[in-house]
Amino acid sequence: MIRPKSVRVVEVAPRDGFQMEKSFIPTETKVQIINSLLKCGFKKIEATSFISPKAIPQMKDAADVIAAVDRSTGAKIAALVPNPKGAENAARAGVDEMVTFVSATESHNQSNVNRSIDESLKGFATVLDIATSSKIEVATGIAVAFGCPFEGDVAPERVERIVDSVLGLGVSAITLGDTTGMATPRIVQTTCEHLLQKFGELNLSLHFHNTRGIGLVNVYAALQLGLATFESSVAGLGGCPFATGATGNVCTEDMVYMLHEMGMETGIDLDGLITVSRNVERIIGRTLPGQIMKSGKRDNLSKPVCR
Ligand code: ZN
């Protein structure tokens, strides 16, 4: 077993979580949350999405968010970029990293962005041109990498084909997304082992949703392979338009709690993060899935005993 000593946690709630919220979160509030997360020690935050405001009105203030977030911590501020126009706007706004995305299956890609996988990949080439001329890194997220709600199982070879294409284009990092929470520890290990064997040194991160309650188990399974970068969402904010009623991303503070209890370093101030999480719950105005913000850490012994 090769367990990493330190783990990189990438916070994605400001993009993956906020985009699911129907009522508009004021720009100042978004910025305040992102800045309070930055204070907790994250080295990278996915702050927004440069998607058309018609598609997701919540993200219409993407440029304003990027302009206002605190850059003094040196953390990488990333943003989702769905097409070349989004890339131009993201470059102008001054993001540190652009994140392109494609699905591992044709049916999910069609339903998500109304394009074939090859058409999406062609768009990436233009995004990379725009990013490279502004010296901005590009990462790619592969959706439904561990299972597709339309097609079921996704063979690792299909994921491999996309990884191969995007690395060829000059993408610097890959995230495998479990968009509808279909990953299991066995599938995670089979797919990731396959990719690690094929590509050797691959800058690979994992993005699990807790849709079926085994998000953290999947993180644990990936840790056994030595994988050490995970995307998660404060308070477990988020969801998926294709899985109604599903819970959101793996909860960041719950994951950080687990990692710290396993003796791994994250560089994140867990107590500070729990405070941010409770604040986010207050702002969103409904109970969010995170557990540690409700129960406190295991050494929080002052709570009355439940009977
Ligand atoms: Zn997600």
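This is a predicted model: local features need pLDDT of at least 70, side-chain atom pairs count only at pLDDT 80 or more; totals for chains, interfaces and linings use all residues.
Helices and strands are DSSP runs, numbered from the N terminus. The phi of valine 144 is near 45 degrees, a positive value in a residue other than glycine. Most residues other than glycine have a negative phi. Valine 144 is also buried, at 0% relative accessibility. Lysine 135 has a positive phi too, near 55 degrees, and it sits in the loop between helix H6 (117–133) and strand E5 (137–143).

H8 covers residues 185–199, and its 15 residues reach 21 Å from the first C-alpha to the last, close to the 21 Å expected. Its buried residues are Ile187, Val188, Thr191, Cys192, His194, Leu195 and Phe199. Looking down the axis of H8, these buried residues fall within an arc of 155 degrees, so they line one face of the helix. A bit of helix geometry is handy here: an α-helix has 3.6 residues a turn, so residues three or four places apart point the same way. On the face of H8 turned away from the buried side are the exposed residues Arg186 and Gln197. As for what covers the buried residues of H8, the list includes helix H7 (156–169), strand E6 (173–178), strand E7 (204–208) and helix H9 (215–223). Just after H8 comes glycine 200, with a positive phi of about 60 degrees.

Next up is the metal. Asp16 (OD), His207 (NE2) and His209 (NE2) coordinate the zinc ion, at 1.9 to 2.1 Å. Along the sequence, the donor residues follow the spacing D-x190-H-x1-H. Histidine 207 is buried, with a relative accessible area of 7%, and histidine 209 is buried as well, at 5%.

What about the nonpolar interior? The largest nonpolar core has 89 residues, and those with the most contacts inside it are Met98, Ile142, Phe146 and Leu176. H6 supplies the largest share of this core, 7 residues. Apart from this core lies another, of 5 residues, among them Ala78, Leu80, Phe101 and Val113. In soluble globular proteins, nonpolar side chains tend to be buried together. Leaving aside neighbours within four places in sequence, the contacts of methionine 98 include Ala79, Val81, Val127, Ile136 and Glu137.

Charged pairs round out the picture, with 11 salt bridges in the structure. In one of them, the side chains of arginine 286 and glutamate 21 meet at 2.8 Å, N to O. This pair links distant parts of the chain, 265 residues apart: arginine 286 is in the loop between helix H11 (270–284) and helix H12 (292–295), while glutamate 21 is in the loop between helix H1 (13–17) and helix H2 (27–39). Arginine 286 counts as partly exposed, at 41% relative accessibility, whereas glutamate 21 is buried, at 10%. A further salt bridge joins glutamate 97 and lysine 76 (3.6 Å, N to O). Glutamate 97 lies in strand E4 and lysine 76 in strand E3, 21 residues apart. Glutamate 97 is buried, with a relative accessible area of 1%, but lysine 76 is partly exposed, at 22%. Both residues also belong to a network of salt bridges that links Lys44, Lys76, Glu97 and Glu137.

Definitions and conventions: Residues are numbered from 1 along each chain as its sequence is written. Side-chain values use heavy atoms; hydrogens and water are left out. Helices (H or I, at least four residues) and strands (E, at least two) are DSSP runs, numbered from the N terminus. The expected span of a helix is 1.5 Å times one less than its number of residues. Buried means under 20% relative accessible area, exposed over 50%, partly exposed in between (1.4 Å probe, protein chains only). The arc is that of the directions from the helix axis to the C-beta atoms. Contact means heavy atoms within 4.5 Å. Donors are N, O and S atoms within 2.8 Å of the metal (3.2 Å for Na, K and Ca); water is not among the atoms, so sites may look incomplete. A nonpolar core is a set of buried Ala, Val, Leu, Ile, Met, Phe, Trp, Tyr and Cys residues joined through side-chain atoms within 4.5 Å. A salt bridge is a side-chain nitrogen of Lys or Arg within 4 Å of a carboxyl oxygen of Asp or Glu.
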